[in-house]
Amino acid sequence: MRDKTDLLVIGAGPGGYACAFRAADLGRDVTVVDARETLGGVCLNEGCIPSKALLHAAETLRDAAHMGAWGITFGAPKIDLDALRARKNDIVSQLTGGLGGIAKRRKVRRVQGTARFSGANTVEIDGTEMRFDQAVIAVGSAPIRLAGWPEDARIWDSTAALELREVPDTLAIVGGGIIGLEMATIYSALGSQVTVVELAGQIAPGADAQAVAILHAALTAQGVTVHTATRVDAVAATASGLTLTCSGHFKGRITADAVIQSVGRRANGDRINAQAAGLTVTDRGTIEADATGRTRLPHIFAIGDVTGNPMLAHRATHQGHIAAEVATGHTAALGTTLVPSVAYTSPELAWVGLTEAQAKADGHPAKATSFPWAASGRNLASGGGDGMTKLIYHPQTHRLLGGTIVGRNAGELLAEITLAIEMGATLDDIGLTVHAHPTLSETVAFAAEKALGTLTDL
Ligand code: FAD
Ligand code: NAD
């Protein structure tokens, strides 16, 4: 290991590797250090990618079952768990291996080890000191573990759940945020009887209530039991299973063969001895950074999950690019607060910008318009179920302020709304844009036309 680098990136997730590669492209001597053997961080190794691979399998199982209503039956699926796990792992390896090649081509030095600051310009990596001129902290986050729970191999976090050790007959999921809902989608399709317990009044808190109700109904139709406004007070482990004692809207016990804890993630800022560099870490484990990625020390940047919510890969990547540009003397700043969110459930739930409830709470002048997917030819012809495209707009200027889509491929469709908001587009811009027929993207134009009074499809 060399003992000096110009730019040290600590953590090689979507924030860290994107930052390292961009800085190398801009001519910097870059070293990236990660405790893992592979690049890609949580997202590629144990998050976004393995979950999406298993969600694809879940969607295929559901599609095959639904074809019965079209007169096509396949019989009961045989699930070879070892083969499914191997396929998922192979996809992860392809991507992480690809990143290794990209790093090599860019001459980004890689070090495997755990870094901790030992001064304002030094880190210790597993006992060896490295000096740096500038550093980027991209150490991500880790699952929150609820206090007072027993140590038990049948209690999983998202990483354990994605290892696909087994398909339990009964599975309880504590936390109905994005991770909890994606896991419910995977394991219910694989055959588990799933119960989700969510503390808030709705699953996916923060998302549009009307859209969430459509997802909630779909999960119920898939056989998932959902208890909202419910707290797990105690967990007892016995030889035969785990028992959760609940209070709130659902009062009683849930017995399950395995439990997934998905109650959020905590930033890893307090694991790197940041104080030795002169940095402050909040009590949530975050390290604060400005729009350029700079911490309170001008030569140290922080990006991605370690800077707090929203903890999403695409946000980390954007922050990484900006930090690289600023660190190499360019003028850049994160010029947007628009970060799209997608739950890759069946149906998908995707949203960006303001929701109706947020607009109301913040006192923004805003109106909503929506188009039901029951009236979308493409949705019906593709076997799609209930869905909706909702736009939030300024009542006078008609500028778009937000959007929520629930339905198949909602995550892909959301990009049009995100771009429209970024470009300051109005309902008229969207409604007057010719959308191909029959596509799901038409539902965005139809929602705009509905507000303008020009819709002929309802
Ligand atoms: P991370 O990806 O967390 O990477 C941090 C890296 O730093 C890790 O590799 C770690 O080993 C390393 N590290 C930590 N401490 C040290 C140290 N002291 N020394 C050296 N290395 C260190 N987001 C989406 O946008 N879309 C999704 O579909 C999605 N799905 C997800 C599914 C799951 C199950 C989970 C858990 C998360 C998902 N996320 C998703 C969130 C996404 O994974 C994170 O937002 C993203 O990975 C954050 O990137 P990051 O670069 O900040 O850090
Ligand atoms: P989250 O914060 O999104 O959801 C956690 C949920 O747990 C919340 O709804 C909360 O109300 C609930 N909760 C908290 N304490 C509870 C308790 N004691 N009992 C019952 N419910 C409780 O966190 P997450 O779903 O764990 O995801 C972590 C992070 O990873 C998030 O930032 C998320 O955006 C990100 N992620 C994103 C994707 C994606 O983009 N598709 C997928 C997975 C994870």
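**Figure 1. Helix 1 and helix 8 are roughly parallel to each other.** This view comes from a predicted model, as do the views that follow. Helix 1 covers residues 14-25 and helix 8 covers residues 313-327. Their axes lie 7 Å apart and form an angle of about 30°. Angles under 35 degrees count as roughly parallel, so the term applies to this pair. The crossing of helix 1 and helix 8 is right-handed. Helix 1 contributes Pro 14, Gly 15, Ala 18, Cys 19, Arg 22 and Ala 23 to the contact. From helix 8 come Ala 313, Ala 316, Thr 317, Gly 320, His 321, Ala 323, Ala 324 and Glu 325. Sorted by class, the residues of this contact are 8 nonpolar, 4 polar and 2 charged.

**Figure 2. Ligand 1 and the residues around it.** Ligand 1 has 39 residues around it. Those that come nearest are Asp 34, Arg 36, Lys 52, Asp 305 and Ala 313. Ala 313 also belongs to the contact between helix 1 and helix 8 shown in Figure 1. A polar atom in the side chain of Asp 305 is 2.8 Å from an oxygen atom of ligand 1. At Cys 43, a polar backbone atom is 3.3 Å from an oxygen atom of ligand 1. At Pro 14, a backbone N or O atom is 3.4 Å from an oxygen atom of ligand 1. Pro 14 is also one of the helix 1 residues that meet helix 8.

**Figure 3. Helix 3 crosses helix 6.** Helix 3 is made of residues 48-66, and helix 6 of residues 178-190. The two axes come within 9 Å and cross at roughly 45°. That angle makes helix 3 oblique to helix 6. The crossing of these two helices is left-handed. On the helix 3 side, the residues in contact are Ser 51, Lys 52, Leu 54, Leu 55, Ala 58, Leu 61 and Arg 62. They meet Glu 182, Thr 185, Ile 186, Ser 188, Ala 189 and Leu 190 of helix 6. By class, this contact of helix 3 with helix 6 holds 7 nonpolar, 3 polar and 3 charged residues.

**Figure 4. Ligand 2 and the residues around it.** Ligand 2 is surrounded by 20 residues. The closest are Ile 179, Glu 182, Glu 198, Gly 264 and Val 342. An N or O atom in the side chain of Glu 182 is 3.0 Å from a nitrogen atom of ligand 2. A polar backbone atom of Leu 199 is 3.2 Å from a nitrogen atom of ligand 2. For Ile 178, a backbone N or O atom is 3.3 Å from an oxygen atom of ligand 2.

**Figure 5. Two cis peptide bonds, at Pro 310 and at Pro 438.** Asn 309 and Pro 310 are joined by a cis peptide bond with omega of about -5°. Pro 310 sits in the loop between strand 17 (300-302) and helix 8. His 437 and Pro 438 are likewise joined by a cis peptide bond, with omega of about -5°. Pro 438 is in the loop between helix 12 (427-432) and helix 13 (442-452).

**Figure 6. Leu 164 has a positive phi.** The phi of Leu 164 is about 55°, although this residue is not a glycine. Leu 164 belongs to the loop between helix 5 (158-162) and strand 9 (170-174).

Notes:
Residues numbered from 1 in each chain as written. Chains lettered and ligands numbered in written order. Predicted model: local features only at pLDDT ≥ 70, side-chain atom pairs only at ≥ 80, totals over all residues. Heavy atoms only, no water. Axes fitted to C-alpha atoms, helices over the stretch in contact; angles between N-to-C directions. Helix = DSSP H or I, 4+ residues; strand = E, 2+ residues; numbered from the N terminus. Parallel < 35°, antiparallel > 145°, perpendicular 65-115°, else oblique. Left-handed = near helix turned anticlockwise from the far one by under 90°. Contact = heavy atoms within 4.5 Å. Nonpolar A, V, L, I, M, F, W, Y, C, P; charged D, E, K, R; others polar. Near = heavy atom within 4 Å. Polar contact = N/O pair within 3.5 Å; in protein donor to acceptor, adjacent residues only side chain to side chain.
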